[in-house]
Structures are given as structure tokens and as C-alpha cells.
Amino acid sequence: MTHPEHPATPSTGELALEDRASLRRVAGLSTELTDVTEVEYRQLRLERVVLVGVWTEGSAADADASLTELAALAETAGSEVLEGLIQRRDKPDPSTYIGSGKAQELREIVLATGADTVICDGELSPAQLNSLEKVVKVKVIDRTALILDIFAQHATSREGKAQVSLAQMEYMLPRLRGWGESMSRQAGGRAGGAGGGVGTRGPGETKIETDRRRIRERMAKLRREIRDMKKIRDTQRSRRLSSDAASVAIVGYTNAGKSSLLNALTGAGVLVENALFATLEPTTRRGEFDDGRPFVLTDTVGFVRHLPTQLVEAFRSTLEEVVDADLLVHVVDGSDDHPLAQINAVRQVVNDVVAEYDIAPPPELLVVNKIDAATDLGLATLRRALPDAVFVSAHTGDGLDRLRARMAEMIPPTDATVDVTIPYDRGELVARVHAEGRVDATEHTADGTRIKARVPMALAANLSEFATF
């Protein structure tokens, strides 16, 4: 087995980290239209931002935690958070999200701080975005657009980029608006009559309709590409499932330390970064339990509260890794202020994905990570709340042996080691051992063929009468 202290090649992880650090902002929500100058396509320039949230339920601490998470998301996207504002309401205002009075107050804060963007902690309708922008007079985006922008920056594989593009377009389609009357309306029907003038006769197609049609065509093309790439992923997954290695999927909240745990358990060298959504492409690495049984460990995309539905839909093929797993290792950040809320958010997404396949979710092993960074009081609270969890630090290696042992316990062996002497007149059993098992040694003796091998449990039961003592 590869031990974590053995340095992995600087290869992929370090190079990816270098590339990540040198990323420059690109069009966050580009629609690849021929003439983008006439269409508001919300290219995100998140430099100096003010956050605003609506507190509708839960405690004040919950509302603060939600805005703190939004600040972390905004910083991951490359912005500087200047101010945060929470409005207490029964429900968001249907017009401006926070109400006209708070919108004016927000305008004053924007002027005082010199902010160029307002980020709202929720998914806003196109009308709400438009109305709030008119009051605050700077660009307004919502939480969904922000997460999509982070995903766009972090996607590196062809499949990841295609999935993010699809999610962006699904989000953007209802929010596409044109500038000026010529964009939104064109003479049609009776326009062939007097006064229409050259170029206005006939039914025609408005500019915005053209743009929507182009986006839909692009979305259909992306769906086809993702479907083709899914076939390759399915082939790889079926090959893994047909092997004798147990399948373990690591799930958890974003930045809980899933990639660090994968590296610590398998000695892999995948990218580890203290940033939200650093991992978008699932990474699979091989490891071994103490008894020599192999397993494959798959690192999945991190979840977050209110993960946009467009992303869950687009990343469905990636999330399917969870469905086929023999065990889910659910990683929790022990140093976080609200770890239990993170656990619920992850379980909700996992249950949504599994429900579509009408199967029971795989068994779950809770792993509280980052215990080296957590407070004693926080850990004591978690030990009471999560009595079955394993407490580890992927950074220091503390608790990893206990974790490996628990994983081995929760994945019962599907095969057994046998040492048998099969009589020469039972050649069909020798053939089955070679066909279904992994033969380690063969010896021809006076009594028959002596074989040491790992074979499936059912075959081991059939061979028990020939055991060599």
C-alpha cells in the first residue's frame, strides 16, 4: 500500500494549482452570440461587492452563517467583500427582493463603499434583478450566478466545462433581455400595411428570439456531448464494478477536505486547495485495506446549501458515482461553525440523486475531518451529536488507521482465502477456482491439486470439505 508520507509526484496536483493561481477572469456567462454588444448577458466582474440577504426563517445565527458562506463564495470568485446587509422579512419582496426602503439603504451603502456589484443570497427572478438594479444602479447578481461563475473558473476537463456551460445557459435563458424597443418588438402580421416601411414587413423574428433560439441549439448540442461523454464514464465505472475492488465514494460539503483525505488514504497527488469547489471532476484512486483487499476511492464534487438545481442536473453523470458505491464516506469539516447544517445539506443532495434510481442509498460512514483545526468544545459537541463518526485529520494523519479499519468493517469481504487440496477426479472445481478466483499458488500432491487462492464466498463454502490442515 502507498503511504501518505511517500511524496506523490508533483505532477497533476501542483500543476493544476499553478494554473488555478494564474487564472484570469473570463466571461462568466457568455452565450457565444454573434453580437453580444446588444444583449445583456451578465458577464460577471466581481471586484468590490456588497452582500445582501433576506432572513425569513431560523435563528439570527443561521442568517449570519448563510451570509458568511456567501462571503466565502464571493472571495473564491475573486471579489473583495466590503459590506453585508440582512433584511428580516416573512418572505422576499416580489419586486426588489429586500423591499423598497432597504433597497434605498443599499444604494447609499453602495455609494459609500464604492462597490461595483451587489450579490443577493438567494435565487432572484429576472424581474427582481431588474428592479433592484434600477434602484442601486450597479450590477446585481444572485447566489446561483455566483456559484455558476466559480464552477466556470474551476472546470478543467472537457466534460466539466460542458456541464458548467449547460448549467449557465439554463440559468441565463429566462434572464436574457434586450436593450431598446427594437430588440423586444418587431412589426409583424398587419405590418405589411401602410407605415411599416422597408424591413418591417412580414412576421420576422426579434433579436432576442434569435438569441434564445441560438442558446437552445447550443444547449441541445451540449446535452448530446455530455451524453456521449457519459457513455465513456459508464464504461469505466462498469469496469470498476466488475473488478474485485470495493467502490467507495467520498461526499461532503465544499472545502470539507475530501481531496486531502483521498490523498492521505491512497497516496494520490490530486489538487488540494483551501477554496470552495476546488474539485469538480471526480478523481478515482486505488488503495488497499490492511487485510490486502483492494478498494477504489472516488472524490466527488462538493455540495453547498441551496446548490443550484441547474448544477445538480448538469453534473448528474458525475454524481452517479455516488449511486454505485458500496460505501459513502461523508466528510464533515470539524472546524466549521455549523457542521450539522452541512451534513443535512449533503444528505439532501445525495437522497435527491439516489431517489431518481429508486434504490436505497449506500451505507454512510461519517468522517469528521480537520480535528487539528477544531476547538475542544466543538469536537466534544460533535462527539455527542455524532457518536458513530470517525474523527480524523487528513493534514496530520491522526485517526486515519481507525478510519481505514472502519471502512474495512463496513464493506464485508466478498471473497475468502482458501488453502485446499482438490482430488484429481474433481477437475471441474479446479477449473472454477481458476475462472472465478485469484490463484496464489498451485502444487500437485499425491492426494490431489493443492491450491491457495482468494475465491468468492459461495465457492469457498463448496471447497470447505477439501480444506488443507
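Which residue in E9 is the bridge partner of Ser 247? In E9, that partner is Val 296, and the pairing to which this bridge belongs is set out below.

The structure is a predicted model, in which local features need pLDDT of at least 70 and side-chain atom pairs count only at pLDDT 80 or more, whereas totals for chains, interfaces and linings use all residues. Residues are numbered from 1 along each chain as its sequence is written, and side-chain values use heavy atoms, with hydrogens and water left out.

**Overall composition**

The protein has 16 helices and 15 strands, where helices (H or I, at least four residues) and strands (E, at least two) are DSSP runs numbered from the N terminus. Of its 469 residues, 48% count as buried; buried means under 20% relative accessible area, exposed over 50%, and partly exposed in between, with a 1.4 Å probe and protein chains only. Among contacts with a separation of 6 or more, residues 24 or more positions apart account for 69%, a contact being heavy atoms within 4.5 Å.

| Strand pair | Sense | Bridges |
|---|---|---|
| E7 and E9 | parallel | 5 bridges |
| E7 and E10 | parallel | 5 bridges |
| E8 and E9 | antiparallel | 6 bridges |

Within these pairings, Ile 250 stands opposite Val 329 in E10, and Arg 285 has Leu 297 as its bridge partner in E9.

Strand E7 (residues 246-252) is mostly covered, with 7 of its 7 residues buried. In a regular strand the side chains alternate between the two faces of the sheet. In E7, Ala 246, Val 248, Ile 250 and Gly 252 point one way, while Ser 247, Ala 249 and Val 251 point the other way, and all are buried.

**Helices H9 and H14**

Two packed helices are described by the angle between their axes and the distance between the axes. The axes of H9 (residues 258-266) and helix H14 (residues 400-410) come within 11 Å and cross at roughly 85°, the axes being lines fitted to C-alpha atoms, for helices over the stretch in contact, with angles from 0 to 180 degrees between N-to-C directions. H9 and H14 are therefore roughly perpendicular to each other, a term that covers 65 to 115 degrees, whereas angles under 35 count as roughly parallel, over 145 as roughly antiparallel and the rest as oblique. Leu 261, Ala 264 and Leu 265 of H9 make the contact with Leu 400, Leu 403, Arg 404 and Met 407 of H14.

**Annotated and exposed positions**

For "binding site", UniProt lists Ser 259 and Thr 279 in an unreviewed entry; such annotations may be inferred rather than shown by experiment. Ser 259 lies in helix H9 and is buried, with a relative accessible area of 9%.

Gly 78, in the loop between helix H2 (60-76) and strand E3 (80-88), is exposed, with a relative accessible area of 53%. The C-alpha atoms of Gly 78 and Glu 47, which are 31 residues apart along the chain, are separated by 6.8 Å.

Note on methods
Pairing = 2+ DSSP bridges.
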